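My notes follow in the order in which I took them.

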Amino acid sequence: KQVAFFGGEPLLNFEVIVEAIEYSRLKKLDINFGMTTNGTLVTEEIADYLKKNNVRVSVSIDGPEDVHNISRRYKDTTSTYNDVLNGISILKDREILDILEITHSMCHPPTLRKIIKDTCKLWSRVTCTCVEGQKDAPFHSEIVRGDRLKVFYNEMFDLMVEEKLEKSSQYTSGVFELFDALVSSYKINRPYFCSGIMNRVTVSPNGNMYPCPETISGEYCFGTVQDPVTPEQFDQIRRERLHGFEKQNKLDHYWFSNLVDTCVVRLEDISEESITIDDADTISECLEDLIFRVASIQQKSFQLDRHAIGT
């Protein structure tokens with residue numbers, strides 16, 4: 001029911017976006033459309049079309065100009081920042097801006113508070129995620145690991161608590177989902193490495209289909225959009241591929257395996273019996289610290305409630 005145009009940069013081929021949307025309208029398909037863009041190619045004409053078709057747009061921006069330009073310059077090294085701000089402004093005027101997305105890497109300053117606070121001045125909904133990937137990835141030096149990962153989780157948690165205590169209209173995503181899992185009164189069951197792949201299909205530019213954007217490689221491909229199959233056959237083929245993403249007992253040696261999703265790019269030494277998670281010790285320490293902090297907050301809240309009842 002949802003189609004998201006993702007890149008790379010989807011506006012480099014806006015004609016395909018238009019064709020996909022027009023096709024869905026022609027077939028009277030009930031689809032909600034979204035798009036993630038770097039914002040540099042947004043024009044008033046493009047935004048008018050997106051508005052007309054109720055396309056919600058997310059924009060990638062990594063913070064104030066000096067931080068943003070670390071990873072997001074034009075090919076000739078000039079700044080993209082003002083063009084991104086212009087794109088954001090156009091989308092805001094048409095009320096189709098959904099969220100601003102910060103990508104945090106080892107190339108960026110370690111302290112996130114100012115970066116996020118400055119970005120929040122542009123829009124009320126901001127998300128911040130870390131660069132992940134395999135050790136041999138061409139961008140391996142940017143992957144957030146070790147102590148930097150701890151700093152990320154601690155600072156994101158502090159910001160989230162501030163927003164909750166202040167009952168702020170601001171929404172900074174990054175650890176909200178984890179916090180909700182920690183305080184949930186329900187037992188969590190995560191049968192797959194990543195729960196997101198259960199409801200997703202990723203189509204590459206050449207038409208190949210994969211479970212998610214992180215699995216675009218030959219071993220994960222389960223067909224193409226040109227394959228002459230029925231919806232029932234498609235679902236069966238896809239589920240057969242997803243069977244390989246079932247955790248079964250392969251992560252039972254990690255105490256946190258049922259608490260959080262594990263991106264497939266962090267999985268190592270895969271065998272039939274066991275799987276290793278890259279940087280698992282750091283992940284464990286981060287989660288232990290967050291659990292302690294959540295428990296401390298709940299304890300203080302409980303004590304305040306008791307005091308209020310007593311008075």
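I started with R293, which at 22% relative accessibility counts as partly exposed. The model is a predicted one, so I read the value as computed from predicted coordinates, with under 20% as the cut-off for buried. R293 forms a salt bridge with D158, and the closest N and O atoms are 2.1 Å apart. The pair links distant parts of the chain: R293 sits in helix α9 (residues 280-310) and D158 in helix α6 (residues 146-165), 135 residues apart. D158 is also partly exposed, with a relative accessible area of 28%.

Entry 2, a contact between loops. I looked up D261 next and found its side chain in a salt bridge with that of R190 (3.2 Å, N to O). D261 lies in the loop between α8 (231-242) and β9 (267-268), R190 in the loop between α7 (176-183) and β7 (202-203), and 71 residues separate the two. At 32% relative accessibility D261 counts as partly exposed. R190, at 19%, counts as buried, because the cut-off is under 20%.

Which residues do salt bridges with shared partners join into one network? I noted E44, D48 and R94. The side chains of E44 and R94 meet at 4.0 Å, N to O. E44 is partly exposed at 46% relative accessibility, whereas R94 is buried at 16%. For the whole model I recorded a count of 15 salt bridges.

F152 is buried, with a relative accessible area of 3%, and Y153 is partly exposed at 25%. I also noted that Y254, W255 and F256 form one aromatic cluster.

I took the second largest pocket, which has a volume of about 190 Å³. How many of its lining residues are nonpolar, polar and charged? I have seven nonpolar, one polar and three charged residues. Its lining includes F193, Y220, F245, V264 and L267, and among the other lining residues I listed E219, R241, G244 and K250.

Technical notes:
Residues numbered from 1 in each chain as written. Predicted model: local features only at pLDDT ≥ 70, side-chain atom pairs only at ≥ 80, totals over all residues. Heavy atoms only, no water. 1 Å grid on protein atoms, 1.4 Å probe; cavity = no way out; pocket = protein on both sides within 12 Å on 5 of 7 lines; lining within 4 Å. Points joined across faces, edges and corners; volume = space filled by probe spheres on them. Nonpolar A, V, L, I, M, F, W, Y, C, P; charged D, E, K, R; others polar. Buried < 20%, exposed > 50% of the residue type's maximum accessible area, 1.4 Å probe, protein only. Phe/Tyr/Trp six-rings, centres within 6.5 Å; stacked < 30°, edge-to-face > 60°. Helix = DSSP H or I, 4+ residues; strand = E, 2+ residues; numbered from the N terminus.
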